[in-house]
Amino acid sequence: MNTDHFVLYENIKQCVTLAGVAKNSGRHPKEADLGVISDAAVVVNNQTNRIEWIGKNAELPTEFGDLAARFSCEEEVWLPELIECHTHLIYAGTRHHDFALRCLGKTYQQIASEGGGILSTLTHTRKASPGELLESASSELEHFQKYGVGTIEIKSGYGLSLESELRILKCIQELQHHTSVLLAPTFMPAHATPPEFKGQTDEYVKLICKEWIPEVAKNKLAVFFDAFVEEGYFSVEQARTMCEAALASGLKLKLHVDQFTNLGGASLAVDMGAISCDHLDNVGRESIQKLAESKTVAVLLPGASLFTGTPYPPARNLIDAGAIVALSTDYNPGTCPTRNLPLMTTIACCQMGMTIAESIAGITYNAAAALGLQKELGSLEMGKNFRVCQLKADSYEVLPYCFGELE
Ligand code: NIG
Ligand code: FE
C-alpha cells in the first residue's frame with residue numbers, strides 16, 4: 001500500500017466515533033453507541049481527506065507504525081465536527097426591540113403583527129448591499145467555527161422578493177469560496193408573506209411555485225426548500241403546493257412545523273418525504289408516531305423555545321418512539337441570536353430530558369442526517385470524511401456540561 005500521503009494522529013485521549021449511532025441510523029442513541037475509544041489513533045489519507053484507519057493506539061496495524069507524518073494528541077478529545085443543521089445566518093439589522101417587547105409580555109405573533117418580526121428584518125435586509133451581507137455572514141460564520149461547527153445549513157428568507165432572495169443565495173455561494181466550513185443552502189421564500197402581497201398569500205405561493213423555485217433550482221443556488229407552516233404564515237395546503245413544486249424542480253425539503261400551533265405540519269413533512277422537519281414544540285401524538293416510522297429527521301431548537309419563552313419540544317416522546325432527533329440553534333435575529341451550538345446540548349439535557357449521548361448524536365450524526373450528509377459526515381469511521389472537532393478536555397461529557405463555554 002502506498003502510504004506517502006498518510007498522516008497518523010496518535011495518543012488521542014478519547015475519540016468519540018459514534019459508530020453505533022450510525023449503525024442504528026441515529027435512532028435511540030445510547031452511551032455505548034457513541035463508540036468511545038480511549039487512547040486512540042487515526043490514520044488519514046491527506047489526498048482524499050478520508051479516514052484510512054481508526055482504533056486503539058495499541059492496535060495500530062504495522063504498515064502505519066513508521067509513518068513520518070505523525071502528531072501526538074494526548075491532551076485531546078475528538079468528536080466528528082459539529083454540524084449546525086438550521087440557521088437563518090444572512091440578514092441585516094437587529095431585533096433587540098422585539099426582545100424588549102417580549103419581556104413586557106407580548107408574544108412573538110403579537111410583535112410580528114405590530115411591525116416587528118420577520119418583516120422588520122426584511123426591511124433592513126433588502127437595503128443591504130451584497131458586500132455588507134457577505135461581511136456580516138463571514139463574521140457570524142467565524143463565531144460558529146469557534147464553537148466547533150464544520151458544516152452549516154443557511155436559509156434565505158429575509159428578502160422575499162426574487163431579486164433579494166437571489167442576492168442572499170448568491171451571498172451563500174460566494175461565502176463558500178472564503179471558508180473551509182461546508183455550507184448547505186436552503187431557499188426559504190415562504191418565511192412570511194412580503195408586504196407587496198399582503199392579504200394575497202395564495203398569489204404569492206403561485207409565484208413562488210411558477211417562477212422562483214424553477215429559477216433557483218436552474219441556477220443551482222439551493223439544495224433545500226423550506227416554508228414556515230404556521231397560523232398567520234403558510235397553511236398546510238399552501239406548503240404542500242410549494243413542496244410539490246420544489247420536489248419537481250429537484251430541491252429537497254425541510255419545513256418549519258408545529259412551532260406555536262399544531263397544524264399537522266410534521267405529518268405533511270413525512271408525507272412529502274422531507275429530509276427534516278424543524279421546531280415541533282407543539283407536535284401532536286399521531287405525528288410523533290409518523291415521524292418515528294419515517295426517515296424524516298426531527299430537528300429540535302431549544303434556544304428558540306428558551307428565547308421566546310414557549311414550551312420545549314417533546315424530545316423524550318420523539319426519541320422513545322424511535323424518531324431521529326437532531327439539535328440546532330435556529331440562529332436568527334428574532335427567536336435565537338446565538339451561534340453557540342454546544343449550549344443547545346446543555347439546554348436539551350437540562351430542560352428536555354435528553355441524555356448526553358442523545359444530545360451529542362443530535363449535533364453530529366443526526367444533524368448530518370438532517371442535511372442528507374450522513375454517509376460522508378457525522379461519525380468517525382473508516383472511509384468517512386476526516387472532519388473533526390478537537391476539544392482540550394478529559395471527557396466528551398464536558399460538551400453539554402460546560403454550559404456553552406467550550407474551550
Ligand atoms: O425559525 N419560525 C420562523 N422563523 C424563524 C424566526 C425568524 C424570525 O423571527 O426572524 C425561526 O424561529
Ligand atoms: Fe428557523
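This is a predicted model: local features need pLDDT of at least 70, side-chain atom pairs count only at pLDDT 80 or more; totals for chains, interfaces and linings use all residues.
**Overall dimensions**

Counting up the secondary structure of the chain gives 16 helices and 14 strands. Along the principal axes, the C-alpha atoms fill a box of roughly 70 × 40 × 40 Å.

**The parallel sheet and its helices**

Which order do the strands take? They run 6-7-8-9-10-11-12-13, with parallel pairing. At the edges sit strand 6 (82-84) and strand 13 (325-327), each of which pairs on one side only. Going from one strand to the next, the twist averages 25 degrees.

Zooming in, strand 8 (residues 182-190) pairs with strand 9 (residues 224-227) over three bridges, in the parallel sense. Within that pairing, phenylalanine 187 stands opposite phenylalanine 225 in strand 9. Helix 5 (residues 130-146) packs on the sheet and touches strand 6, strand 7 (149-155) and strand 8. The direction of helix 5 makes about 140 degrees with that of strand 7. Then there's helix 6 (residues 162-176), which lies across strand 7 and strand 8 and runs at about 175 degrees to strand 8.

For antiparallel pairing, look at strand 2 (residues 36-45) and strand 3 (residues 50-56), which are joined over six bridges. Valine 43 stands opposite tryptophan 53 in strand 3.

**The ligand site**

Now for ligand 1. There are 15 residues around the ligand, and those that come nearest are Arg95, Tyr108, Tyr158, Asp330 and Thr335.

| Side chain | Distance to an oxygen atom of ligand 1 |
|---|---|
| Arginine 95 | 2.8 Å |
| Tyrosine 108 | 2.6 Å |
| Histidine 279 | 2.9 Å |

How much of the accessible area of ligand 1 does the protein cover? The answer is 100% of the 320 Å² that ligand 1 has on its own.

Definitions and conventions. Residues are numbered from 1 along each chain as its sequence is written. Chains are lettered from A and ligands numbered from 1 in the order in which they are written. Side-chain values use heavy atoms; hydrogens and water are left out. Two strands pair if DSSP finds at least two bridges between them. Helices (H or I, at least four residues) and strands (E, at least two) are DSSP runs, numbered from the N terminus. Axes are lines fitted to C-alpha atoms, for helices over the stretch in contact, and angles run from 0 to 180 degrees between N-to-C directions. Contact means heavy atoms within 4.5 Å. A residue is near a molecule or strand if one of its heavy atoms lies within 4 Å of it. A polar contact is a pair of N or O atoms within 3.5 Å; within protein, one must be able to donate a hydrogen and the other to accept it, and residues adjacent in sequence count only if both atoms are side-chain atoms. Accessible areas come from the Shrake-Rupley method with a 1.4 Å probe; for residues, only the protein chains shown count as cover.
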